Amino acid sequence: MPVRDLSVETRPTKEVVVSSLTRDASVAACIFDLIDNSIDAARAVLVPMGDDEKDDFGLPKSYGGIQIDVDIGRNGVVVSDNCDGISSEELSKSVLRFGVRSKQPFGIGLYGVGLNRAIFKLGDRTELDSDNGSERVALNFLASEYLASPEWDLPAKALVSRGKPGTKIAISAPPKNVSKFISDRVWIDDFINESGKRYHRFVEKGLALRINKTEVKPVFIRLRENGPFPCRHKSYTTDDGVNVFLEAGQHQSHRFPAEEDFDRSTNNQLTDQYGWSVSCNDRLIVMCDTSEKTGWDKKWHPEFNGFVGYVWFTAEDGSSLPWNTSKSDVDVFSSIYQEALDDMRQMTIEWRSFGREAKKKRQRGEPLLAPGAKSTASEPGSSGISDSEAERAKPSSRASAGGTSTKKKPGSKDSQNKPPVKKTDHNELRTVLPNDVDERHCKNKLLLLVHEAKKTDIYDCTYSALALVRMLFETSAIEYMIRIGRASEMREYCYNKHYCNEVGEAEKKIKKKDYQPSLDGICDFLLNADNIWGAEKSPYIRQSAEKFKKHKADLNSALHWPLRTIGFSTALEIRNEVLPILRHFIED
Ligand SMILES: Nc1ncnc2c1ncn2[C@@H]1O[C@H](COP(=O)(O)OP(=O)(O)OP(=O)(O)O)[C@@H](O)[C@H]1O
Ligand SMILES: [Mg+2]
């Protein structure tokens with residue numbers, strides 16, 4: 001029997017909480033934390049947004065009218081914004097409470113520690129003044145006094161609103177290891193340049209971000225359009241609702257040695273702009289990475305020169321995104337990141353094989369030609385980094401937020417590739433496949449066919465469209481059967497029922513293991529095998545499979561009979577009827 005009960009103290013000390021937060025955080029990361037918070041508060045001003053005020057990823061289309069000013073100098077750091085302010089309730093309960101997690105939809109803030117980290121890292125004195133338009137709050141304190149006191153609460157004031165929303169956070173009396181950076185002109189210039197990278201999407205969307213009165217310009221490396229290497233891209237949504245969009249290709253100003261306008265010195269100047277960049281909810285976290293964490297399987301090698309790739313992760317729930325707590329790196333262990341990494345590796349492999357082909361051409365003295373016009377935005381010899389996008393993208397006032405009508409995917413001015421967000425009305429759809437078809441399971445040939453199908457207009461290119469429907473059906477059916485583990489069953493069925501019956505036992509030339517099922521065999525198998533679709537989907541997918549079988553003769557004759565004509569409306573009808581099964585094969 002115990003003599004008496006004890007209670008065991010587990011509360012942390014302030015020192016351990018603060019030092020574990022600040023020890024590994026860089027000065028720059030802490031200032032970025034403050035800017036991130038202002039951007040999140042901007043989003044709160046822009047929400048609720050209508051659909052036409054969101055971009056293809058559900059993020060705000062415009063930050064027009066939003067202003068963030070950052071002042072960095074030997075006395076400290078001041079960040080002020082004209083965004084949604086802090087209420088007295090929020091200041092009392094959550095703003096400085098260590099680790100109260102943020103639930104901002106599509107937000108950058110997540111862990112509830114960024115502001116504390118900035119405050120305790122950057123200086124001894126903090127002055128926070130915030131107005132949400134109906135009330136104003138003020139908090140002034142010294143970190144040294146706070147740390148010395150046993151109290152966990154801080155005194156603050158609720159004041160009468162000045163009627164203008166905004167927040168100003170001034171952190172002064174920096175320690176030596178901070179002031180050596182923030183009083184250094186070169187460090188500040190680097191910080192401004194880095195901000196142009198990290199916040200390029202927001203600035204392109206109209207955010208006015210000024211650092212020491214210098215307007216931050218978006219820094220973004222563009223892919224070459226119409227170059228000899230066709231840009232690769234892929235978009236899909238994960239089970240956790242994270243939209244993933246990947247894009248890779250050739251640096252806008254890079255040229256392969258076999259190209260006529262190749263210039264080695266231009267290529268050499270661009271080396272720090274090659275590699276993968278990764279963004280979460282529009283905030284860039286990794287730029288131009290050429291290390292293992294972005295899928296490079298060996299030390300950076302000249303054959304990767306010219307490669308530029310982007311991965312954009314977007315989610316309403318920021319905790320599903322693969323970023324670390326200071327948003328300065330990817331979480332390589334996240335399953336979402338690992339899945340994207342497979343596609344990243346695939347794209348780098350395709351780049352490498354193309355480069356090898358290009359090299360062989362050069363050795364044979366053959367020119368490497370780009371199929372289309374040269375990129376007009378930047379010619380070889382220029383940096384390839386955009387710094388003029390802000391002016392074009394910036395709406396003049398907050399009232400014009402969302403005013404742009406052209407949908408743009410991140411980083412591309414005018415590409416047709418769109419990530420899946422909205423379902424399309426089939427009656428209005430002129431392309432073989434709608435843009436919202438999810439590409440998660442697509443690789444290699446199927447991915448390219450899906451891209452072609454999203455771009456091919458049935459009205460303008462009726463026969464190409466029909467050929468695509470046929471190729472899509474065969475390729476996606478086989479990929480699907482491989483995915484659900486029934487490919488060998490299908491091959492066996494087709495071999496026995498079709499091939500052996502057609503050619504007879506004596507003439508069999510193809511071994512079962514080498515046999516590729518014919519279209520007739522695939523259709524037959526799909527309509528006769530058990531439990532392919534699941535009870536819920538079976539009726540309408542089966543119906544679509546039957547429709548495809550019915551149209552097979554039309555598709556074959558369109559492809560093989562020179563005198564057979566097929567009209568646009570018949571092609572449209574075929575597409576509409578086979579779309580459910582195509583979608584199932586591609587997406588499920
Ligand atoms: N400039 C600002 N305007 C309005 N609210 C702000 C501002 N800065 C901070 N806040 C409030 O303070 C809270 C705490 O910020 P903090 O940076 O500590 O956490 P967070 O942004 O939620 O998460 P993270 O640690 O990932 O940055 C924010 O959720 C927000 O409500
Ligand atoms: Mg934050």
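Two strands count as paired if DSSP finds at least two bridges between them. Strands themselves are DSSP runs (E, at least two residues), as helices are (H or I, at least four residues), and both are numbered from the N terminus. With that in hand, look at E6, where the bridge partner of Asp81 is Thr167.

A quick word on ground rules. This is a predicted model, where local features need pLDDT of at least 70 and side-chain atom pairs count only at pLDDT 80 or more, while totals for chains, interfaces and linings use all residues. Residues are numbered from 1 along each chain as its sequence is written, chains are lettered from A and ligands numbered from 1 in the order in which they are written, and side-chain values use heavy atoms, with hydrogens and water left out.

On its other pairing, strand E2 (residues 76-81) runs antiparallel to strand E1 (residues 67-73), with six bridges. Val77 in E2 is the bridge partner of Ile72, and E1 and E2 make a hairpin with two residues between them. E6 also runs antiparallel to strand E3 (residues 125-131), this time with seven bridges; there, Lys168 in E6 partners Asp129.

Put together, you get an open sheet of eight strands with mixed pairing, in the order E5-E4-E3-E6-E2-E1-E7-E8. Its edges are strand E5 (157-160) and strand E8 (214-215), each pairing on one side only.

**Around ligand 1**

| Residue | Protein atom | Ligand 1 atom | Distance |
|---|---|---|---|
| Asp81 | polar side-chain atom | nitrogen | 3.0 Å |
| Tyr111 | polar backbone atom | oxygen | 2.8 Å |
| Thr167 | polar side-chain atom | nitrogen | 3.4 Å |

Taken alone, ligand 1 exposes 600 Å², and the protein buries 89% of that (Shrake-Rupley areas with a 1.4 Å probe). There are 18 residues around it, and Leu110, Tyr111, Val113, Gly114 and Lys327 come nearest (near means a heavy atom within 4 Å). Helix H2 (27-46) and helix H4 (114-122) each supply at least two residues of that shell, with H2 giving the most, four residues.

**The five-stranded sheet**

Elsewhere in the description, five strands form an open sheet in the order E10-E11-E14-E12-E13, again with mixed pairing. Strand E10 (232-237) and strand E13 (283-289) stand at the edges with a single partner strand each, so one side of each has no neighbour in the sheet. What does the pairing of E12 with E13 look like? Strand E12 (residues 275-280) pairs with E13 in the antiparallel sense over four bridges, and Val286 in E13 is the bridge partner of Val278.

Note on methods: Polar contact = N/O pair within 3.5 Å; in protein donor to acceptor, adjacent residues only side chain to side chain.
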